[in-house]
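Subject: Structure for you to look at

Hello,

Here is the structure I said I would pass on. Please open it first; my notes follow below it.

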Amino acid sequence: MALRNQISKEEFLSVFQTLPLNALAEKEWKNKTDKNFEILDFPNKKDESWRHTSINRLLQHRYGLGKSMPLDKKTVDSFTIPGMDAYRLVFINGYFNAAFSNEIDNDNKLIIKNIAQVKKEKPDLFNQFYENTSIASENFFTNLNTAYATNGNYISIPKGMVLDKPIHIINFSDGQDSKTISQYRNIIIAGENSQVKIVNSFHSLTVNFTLTNVATEIIVNENAHLNFNIFQGEGDDAFQINHTKVLQHRNSYFSSHTITLCGAIVRNDLQVKHIGEGCETKLNGLYLPSREQHFDNHTYVHHAKPHGTSNQVYKGIIDNKASAVFLGRVMVDRGAQKTQASQTNRNVLLTPYAKINSKPQLEIYTDDVACSHGSTTGQIDKEALFYLQSRGIDRRHAELLLLTAFLADVIENIEVEPLKLFVNLLISRRLQGEKDNSLCSMDEVCHGCDPVD
Amino acid sequence: MSKTLLKIENLKASIEGKEILKGINLEIKEGEVHAIMGPNGSGKSTLASVLAGRELFEVTDGKIQFLGKELLGMPPEERSREGLFLAFQYPVEIPGVSIVNFMKAAVSQHREHKGLKPLTAGEFLKMMQEKKELVEMEAKLNNRAVNEGFSGGEKKKNEVFQMAMLEPKLSILDETDSGLDIDALRIVASGVNKLKNSENSFLVITHYQRLLDYIVPDVVHVLYNGKIVKTGGKELALELEEKGYDWIKKEND
Ligand SMILES: Nc1ncnc2c1ncn2[C@@H]1O[C@H](COP(=O)(O)OP(=O)(O)OP(=O)(O)O)[C@@H](O)[C@H]1O
Ligand SMILES: [Mg+2]
């Protein structure tokens, strides 16, 4: 359905004629992305992987380029995770905020730094990962990101280092003056035998139509351990496209939690490829769309080498007229013997209008594997609810107990302890119907924590 | 004369348009034990569910008074807080909700209703401990999810344990004896007897006389085809055990 005021690809791209000088891409590189744009169109329903997610709502608006804005301590503090001592990097509308960040650049060994700066100081390092990656022009939005991203993170953990505390990347969007596009490009490299935990959170500061487009590339080298958490709490009119690509080398460990609590349309693509033997992957997701929000998680685990394991658990509670998509693809190549892959997607629909599209996609080209998948969708169990009520527990509290129990294992698996406590708190408040500013800071407009009916 | 606890008048209830209860009259006084027997499918559990407030069944006629209050229209949680308890014939499993958290929520809402102070964590755990000993329930069940993976016997013990925690005025035991071996039956029955006093009452639904050897009823009713067709003393239970239900059916069909 083409909506009335929908803007065309040309109109959408026209704002980038005034490319900010500080875009990450070089001029020559832009020629390539321009060429790509001739072929790449907005994703639409004919595109298999966008069948259940329409971006029409996003295309109702003309966006401008993001502007850097000052931040105050109170605002930043209110979005830090309680009790989490972290290396912090703060961005707003695609721009780095040095005042509230603590960067590290230790003789080219440990680097936790905004990527624009890395480009300036170490162009070779930057180029190695920017132009030559497969993420660059995978689809319309990654191409857009490659062409016009303004900043992001470069994180490199040297061989053997166990980072003493997590890294927290905070991305604010603020469409105060205009409808704004913010684009981030992240490169994260965990050196051989190293260990690091990263939290990337997204919040809106004002309500307006904003688009946040993120592309993250992660390389987990031999025997390294990397835990990556995406925490999405942008406003009710905020669109987010988040593309993460992970390459795992021999015996490495990668785990993720994608926690989506708020946003208008959120699309997450998480792709993991085992390029060495014996890799372990755990992908977890929690999504709680409400009102007319739409959250879409696409995962893709590609077992290209033997003895790999992957384990995916995604759970959602869908309220009001909201909808969600989970598409989990697992590919096991012919050479990937002894692969163990499992995938679970469970959903609770709180209303008759709530929708979920859940689909596992297993492509297995070797015999010697153990793969399982399961998907369930249901309402709150009426019998269980009555049982709890019959013991004197009121309906709201009984529902809360059941829904909390439903999500418990995924929350329990969060590997950053303060984040686990925080998510637990936010979700229980959310399920209890308390408004909570720390979700998206706009209790008037973005009822991020509407009651469960 | 002792107070009337429960008074059911001409209660009719149906499910999916099918009438299951066809005019039940029943009065239970404080301190009394009533037994309800009757063939499968006669409506015993339906009566228990309607009393506990299950919405699945539609009440089409009649009145239920509990301690002078109208029970119909009261949500299940309020009935519980007012002192009504149903030990389910088939307790449901609730994955992810531990017995401790479940009982904590229940007890605190009961106490709030009565205007009592919340229990401290220590007081609450002590209470759990005492009540569990009453039904010889294993301590390790505390952190297990409610009824999940429990054996038949454990589920029934868990029902009586919850009853002990909530100290109801009227307890409806729906086949709490079914499927129990003799040792488990003795434990469950003695648990019930320890809770019994001159102020609380029991409505015991059973198919077997054996339970009634332990929990001796004052009155025995026969429910057949949605109606109480016979009421007598404890000897009626013996008669039913001996003769079965055919004579009842003959008299009433
Ligand atoms: N959920 C339901 N949906 C449809 N019919 C039901 C439902 N529950 C009970 N019934 C019907 O109501 C009637 C009475 O059932 P009920 O469970 O009350 O009998 P009962 O006397 O408790 O039997 P039993 O001795 O086997 O426990 C039966 O015909 C049964 O099929
Ligand atoms: Mg029954």
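**The magnesium site**

Ser45(B) is partly exposed, with a relative accessible area of 26%. Buried means under 20% relative accessible area and exposed over 50%, with partly exposed in between (1.4 Å probe, protein chains only). Gln89(B), at 16% relative accessibility, counts as buried. Both residues coordinate the magnesium ion (ligand 2), Ser45(B) through OG and Gln89(B) through OE1, at 2.0 to 2.2 Å. Donors here are N, O and S atoms within 2.8 Å of the metal (3.2 Å for Na, K and Ca); water is not among the atoms, so sites may look incomplete. The pair links distant parts of the chain, 44 residues apart: Ser45(B) belongs to helix α1 of chain B, and Gln89(B) to the loop between β6 and β7 (94-98) of chain B. Helices (H or I, at least four residues) and strands (E, at least two) are DSSP runs, numbered from the N terminus.

This is a predicted model, in which local features need pLDDT of at least 70 and side-chain atom pairs count only at pLDDT 80 or more, while totals for chains, interfaces and linings use all residues. Residues are numbered from 1 along each chain as its sequence is written, chains are lettered from A and ligands numbered from 1 in the order in which they are written, and side-chain values use heavy atoms, with hydrogens and water left out.

**The sheets**

Four strands of chain B form an open sheet in the order β2-β1-β4-β5, with antiparallel pairing. Two strands pair if DSSP finds at least two bridges between them. At the edges are β2 (18-29) and β5 (69-70) of chain B, each pairing on one side only. Two bridges join β4 (residues 58-66) of chain B to β5(B), and in β5(B) the bridge partner of Phe66(B) is Lys69(B).

The other open sheet has six strands with mixed pairing, ordered β6-β9-β10-β3-β11-β12 (chain B). Its edge strands, β6 (84-87) and β12 (227-232) of chain B, each have a single partner strand, so one side of each is left without a neighbour in the sheet. Five bridges join β11 (residues 219-224) of chain B to β12(B), and the two run antiparallel. Val222(B) has Lys230(B) as its bridge partner in β12(B).

**Helix α6**

Buried residues of α6(B) include Ala184(B), Leu185(B) and Ile187(B).

Regards
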